[in-house]
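Colleague: I am new to this structure. Please take one part and walk me through it closely, then link it to its surroundings.

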Amino acid sequence: MANLNKYREYQRLDDEEEDSMPAGEDDMLVHVPEGLKDSWHHINNLDNFFTRIYHFHQKNGFSCMMLSEFFELVQFLFVVIFTTFLFMCVDYDVLFANTFVNHTHFGSIERNKVTLPDAILPQDQCYQRIQKNGWIIFQLVMAAIFWLYRLVKVICNMLNYWEIRTFYIKALKIPTVELCNFTWQEVQQRLISIQREHQMCVHKKELTELDIYHRILRFKNYMVAMVNKSLLPIRFHLPGWGEVVFLSQGLKYNFELILFWGPGSLFQNKWNLHPKYKRAGNRLELAQHLSRTICLIGLANLLLSPLILIWQILYAFFSYAEIIKREPGSLGARRWSLFGRLYLRHFNELEHELQMRLNRGYKPASKYMNSFISPLLTVVAKNIAFFSGSVLAVLITLAVYDEDVLTVQHILTAITILGIVVTISRSFIPDEHMVWNPEQLLQCVLAHIHYMPDHWKGNANASETRNELAELFQYKAVFILEELLSPVITPLILIFCLRHKSLEIIDFFRNFSVEVVGVGDICSFAQLDVRKHGNPQWFSEGQTEASIYQQAENGKTELSLMHFAITNPQWQPPQESSIFIGHLKEKVQQDATNAPSAQLILSETPLAASLLSNASSAAPDDLLSSVLVHPILTASGLPSRDRHFVQPTSTATVAASILASFSTSQIPSRTQSHAAYSNRCPENVAYRSERTILEDSVSSSDTRLQNASHSALLSEYANTEMSLHAIYMHEKHQQQSQLPRAVGMWQCPSALREHHVQPGASFSADQPPESLSGPSQLPLGGWAESEEEQEQSTRKPPVPRQREA
């Protein structure tokens, strides 16, 4: 009986339910601890589980999530019912007074003003009009089907997130009311601790921060890599207009549907690439199959485009009409485009981390874009604003004097239109107190967005640079227009553009997918392996074995590695990554010896006083300001505060001096508890920044409020540290780079070669992509490589497939 009870403590895992079950382990028996006998003792799908944990934290708990989804259902019903009512149940002849309505008052007939009930048709007449219109009935049926689908999905989400709520309370020991006081890093550390104790993932004794990020961002990392390698068809040349970038929500949704989770996608489940896509022998047949899948989904989009277009128009109208009337200038505001969010995103960067970074870059990017003015347009805008404002002022004055003026036909329409014209015209008139300094503004933008094409350096005042940044930082009006055109343009892109890239997509997933034990198939770029995907021009010289085919563009591997190491200071990087971080630290220390001290740099800037006096919340921003301002002050030849002239310095040396001083800066509340802390929790020792020093000062007796304030300050310093690294690495890259610059922003080195397929030819796993020839006669081919790149890349890229212990 004892043996039977002991046997019951074990559960046999079904291979079909196992999370990335390795071959040969189908009969594995897993011990279930007594402490976690609930449904999360072994998670069937850790990707969904960790993603829900992340969303639960970011969306502020169960109540907020369910309330949002409930109102989404109500909002959809409201749009459908209200639109049907407006089209079928309102007599517009009566509403617009084209037909007179007589009212009976004490037996006499009087002609009064039209009231709302007069313009609304009776219920029976409304139903008859709807029944006679087949198109309306079809749309209502489709809307009802979609709403029921959404209702079922909301119910499933409610059940799943209730389980997540229970997990937070019982396993993570985080009450719902305290959730907002916990950062994601704190939640993540508790997840790692639970794995050590209770083995949620059965194939690894310990989870790392990188494992969790890989599961949450598995497909997102692939999307970032494909944009980085210019694989997705999102850039087009329009005759008479030039190059444009188009990436809408609908097009992005279709990309993910085709590649990751839709019917006929490349993944057989949420975590494993289908085995046939890992072999090069049948790549041509797989490309043909993918091409047909893309064509079918494109045709489905084309058939549904009328319904989607109607919904987009209605949703845009109900969402933005009131805002445009109240604030016409809101259409002139800017937002980071979908393409910009993918182009600027690091590998293994969560959504809230990206959003915080882009939010910090919003103001400097807006100032830079607004610094470009057209003198001719300014003159025209001033005169239009004068004439429109004059007429508007007269109409408003008359309306104030006698309200009967408002009853004049179209007078309110005229006032509204004139107000919009005046607001739009004034948006084109620059601030007369604005200072023209585009280079410094662009450098400030780089500090936050971390990526900038090489040819922007020194060309900040060029309109081409502004236009290229506008592709990342678009007008809200452009975003709305793209979403309205998406139902029409998306099917055309799928059928005529994406379909012809089928072979390149097949080769990309084969060559840049790697299987990791306990995680599944991930994008190899997401491993942050400088040896496999580093660029010699980004501090990886002598450390990388990557050919041009394997290198990430714009230093994304190196910058992503630094970002992840700084964001997760307790992460233990692999040996190659540690060597790269140590090499970068040595470079920083060498450059810092030739630079002024950090205290001198800070004292020479107007913003230094607040930083030296106390560690206010503005201190991280002051650090960045000091780095950007000091080279300008030294280059101007002005004497310092002690009336001595300072040698001119570059932005890179100033950034290096600040970074090198991080471990010795005097920060309030600093203690000497690092030894005890390091024994308690090992951390990445490549850098000891002010952020990690501040971490040491947080004692176990601190209250939750104190911890929350410290966490906020630590996050600020982490972002500042990464911004300084981005500035330093870009400046050094500019100095070291000797390769010819591309003329266009996105003309990055292609990395895939193009060959012709010979009949009967065999393919190996490390063979570069080739062009597709076959019965379909589709121009499917690899990425072309320039002659200079072919000379530099003499080896064929090996397949980055490995199993990590």
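Is Asn-348 buried or exposed, and what is its relative accessible area?

Modeller: This is a predicted model. Asn-348 is buried, because its relative accessible area is 0%, and the cut-off for buried is under 20%. Its place is in the loop between helix H13 (338-343) and helix H14 (351-370). The backbone deserves a look too. Most residues other than glycine have a negative phi. Asn-348 has a positive phi of about 60 degrees, although it is not a glycine.

His-450 lies in the loop between helix H17 (438-449) and helix H18 (463-472). His-450 is buried, with a relative accessible area of 2%.

Now a turn with a glycine. Strands E5 and E6 form a hairpin with three residues between them. Gly-240 sits in that turn and has a positive phi of about 80 degrees. E5 (residues 235-238) and E6 (residues 242-245) pair in the antiparallel sense, over four bridges. Leu-238 stands opposite Gly-242 in E6.

Last, a helix pair. The axes of H8 (residues 184-198) and H9 (residues 209-216) come within 10 Å and cross at roughly 110 degrees. Therefore H8 is roughly perpendicular to H9. H8 brings Trp-184, Gln-185, Gln-188, Gln-189, Leu-191 and Ile-192 to the contact. H9 brings Glu-209, Ile-212, Tyr-213 and Ile-216. By class, the contact has six nonpolar, three polar and one charged residues.

How values were computed: Residues are numbered from 1 along each chain as its sequence is written. This is a predicted model: local features need pLDDT of at least 70, side-chain atom pairs count only at pLDDT 80 or more; totals for chains, interfaces and linings use all residues. Side-chain values use heavy atoms; hydrogens and water are left out. Two strands pair if DSSP finds at least two bridges between them. Helices (H or I, at least four residues) and strands (E, at least two) are DSSP runs, numbered from the N terminus. Axes are lines fitted to C-alpha atoms, for helices over the stretch in contact, and angles run from 0 to 180 degrees between N-to-C directions. Angles under 35 degrees count as roughly parallel, over 145 as roughly antiparallel, 65 to 115 as roughly perpendicular and the rest as oblique. Contact means heavy atoms within 4.5 Å. Ala, Val, Leu, Ile, Met, Phe, Trp, Tyr, Cys and Pro count as nonpolar, Asp, Glu, Lys and Arg as charged, and the others, Gly among them, as polar. Buried means under 20% relative accessible area, exposed over 50%, partly exposed in between (1.4 Å probe, protein chains only).
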